[in-house]
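Dear colleague,

I am passing on the structure below, and my notes on one helix pair and its aromatic residues follow it.

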Amino acid sequence: MPDTPPPAPPAAPAPVLILGDGPDALLTAATLAGVGSPVQLLLTRSLDEVVAAAALAWPLSRWAGLGAETEGPAPGARSLAVGGVVLPLPVPRRSLAALGPALDAAAVLRQLVRARARNALAELGGGGQEERSYEDWVVRRFGRPLHAALFAPYAQARWGCPPGALAASLARLHHGLPDRRPSVAPTPDPGLRWKETLLQAGVELRDSLAVAALEVAEGRVAAVVFADGDRIPTPAGLWCAVAPDRIRRWLGADCPTEAAAQTAHLRVSTAVRLRVDDAPDLPCGATGALHVSAPGSPLWRVESGTTVPGRVLSGTVAPGGEDAAPAEMLAGHTAAVGCGAGTVAETVVLPDWEPVWSPTSHARLRRVLLAWDGLGITAVGRAGLFADVDPPVIEAHALSILEAPGGSSWDRLRRFAGPPVRARDLDVPLRSFVER
């Protein structure tokens with residue numbers, strides 16, 4: 001009787017194919033590789049550019065969200081601090097005079113007292129007022145003069161949009177009640193660490209790619225097609241770490257109608273980071289970060305003590321300003337915070353880095369994510385969460401997809417980065433926004 005051949009070994013799982021152009025894609029690939037999942041990473045920029053960008057992409061205060069010290073889970077477990085971390089401005093007290101040429105302290109105080117009295121009566125007697133925009137949220141708490149002098153210039157520089165076009169939930173997240181849960185301290189050179197994780201795991205990695213299209217067959221994404229005619233099949237679907245409108249352009253006529261009409265309204269601004277050496281000490285206090293609110297300035301934060309030496313200046317490229325020289329755009333505006341720019345040591349441009357919540361963004365994003373789910377496209381990083389999320393949240397989001405593939409991207413967004421809906425912050429103190 002002939003020997004029975006041994007059963008064939010089970011087929012190796014198809015690698016997770018990740019397509020992106022920035023630190024989100026690098027971190028997502030490293031997260032999956034770190035838990036033993038096969039990964040193939042495709043980058044539209046060079047690997048060296050992405051690694052350098054990762055060190056400057058996130059400010060120190062945004063590294064939060066997961067911590068073993070968080071109360072509740074078993075020892076050693078990690079839990080998610082949903083909701084993000086509040087970023088109060090503050091501005092230097094001595095710079096208040098520069099915030100507006102006609103800043104009237106008496107008018108500011110008068111409007112502030114009126115706003116607080118009105119809010120106190122609303123809490124006692126019920127009722128209130130609708131808050132749709134960032135402007136609505138600020139004016140209700142601090143009055144219009146302070147909004148015009150302090151918050152409006154900051155919002156314009158921070159997100160590249162006038163405050164009336166931003167959602168109230170954006171103000172609530174960044175200026176509301178602080179999140180006191182534990183945070184995770186960043187490590188030096190995170191991008192280099194993530195690169196080493198990928199190399200040690202033997203991840204297949206290709207960079208500096210020019211994507212021409214996403215090919216769709218039978219209603220599902222079938223391949224990534226490049227400008228040189230090369231083609232990589234996507235039998236297990238595709239993870240994308242790029243802005244929704246970029247995915248729409250790659251899909252072309254194959255983009256579902258319900259998504260195509262929405263992606264252009266999901267605005268994502270380009271961020272710029274400038275690292276400088278030899279800068280004098282900043283009046284940053286214990287946090288090492290100082291937020292800037294100066295009319296006409298693209299600079300919105302100066303920071304020390306991040307994952308790199310020196311100071312880091314952060315700005316946002318306004319619409320139509322993508323061709324401006326980043327170093328010149330930021331370096332000339334440091335007088336607003338009383339510091340010189342020093343010697344420019346490094347410039348990083350982060351395309352599609354600042355998701356901008358408008359009052360209609362959440363409803364539009366839901367339609368887009370449902371369409372991507374139907375096509376087999378999994379949006380990760382900012383593309384999947386449409387929020388200024390920190391690395392631990394991106395990591396937790398990626399692991400949740402790996403553990404339960406095929407789930408709803410919309411449900412995951414609501415779990416990890418849904419905008420706050422509670423308005424229990426009517427008495428947020430003004431002292432949070434001015435340096436003591």
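Is Phe142 buried or exposed? Phe142 has a relative accessible area of 0% and is therefore buried (buried means under 20%, exposed over 50% and partly exposed in between, with a 1.4 Å probe and protein chains only). Please note that this is a predicted model, in which local features need pLDDT of at least 70 and side-chain atom pairs count only at pLDDT 80 or more, while totals for chains, interfaces and linings use all residues. Residues are numbered from 1 along each chain as its sequence is written, and side-chain values use heavy atoms, with hydrogens and water left out.

The axes of helix 4 (residues 134-142) and helix 5 (residues 144-159) come within 9 Å and cross at roughly 150 degrees, the axes being lines fitted to C-alpha atoms over the stretch in contact, with angles from 0 to 180 degrees between N-to-C directions, and the helices being DSSP runs (H or I) of at least four residues, numbered from the N terminus. The two helices are therefore roughly antiparallel, a term used for angles over 145 degrees.

The structure holds six aromatic pairs, where rings of Phe, Tyr and Trp (its six-membered ring) pair if their centres lie within 6.5 Å, and planes under 30 degrees apart count as stacked, over 60 as edge-to-face and the rest as tilted. One of them joins Phe142 and Phe151, with ring centres 5.3 Å apart and planes at 10 degrees, so this pair is stacked. Tyr154 and Trp159 form an edge-to-face pair, at 6.1 Å centre to centre and 90 degrees between the planes.

Best regards

Definitions and conventions:
Parallel < 35°, antiparallel > 145°, perpendicular 65-115°, else oblique.
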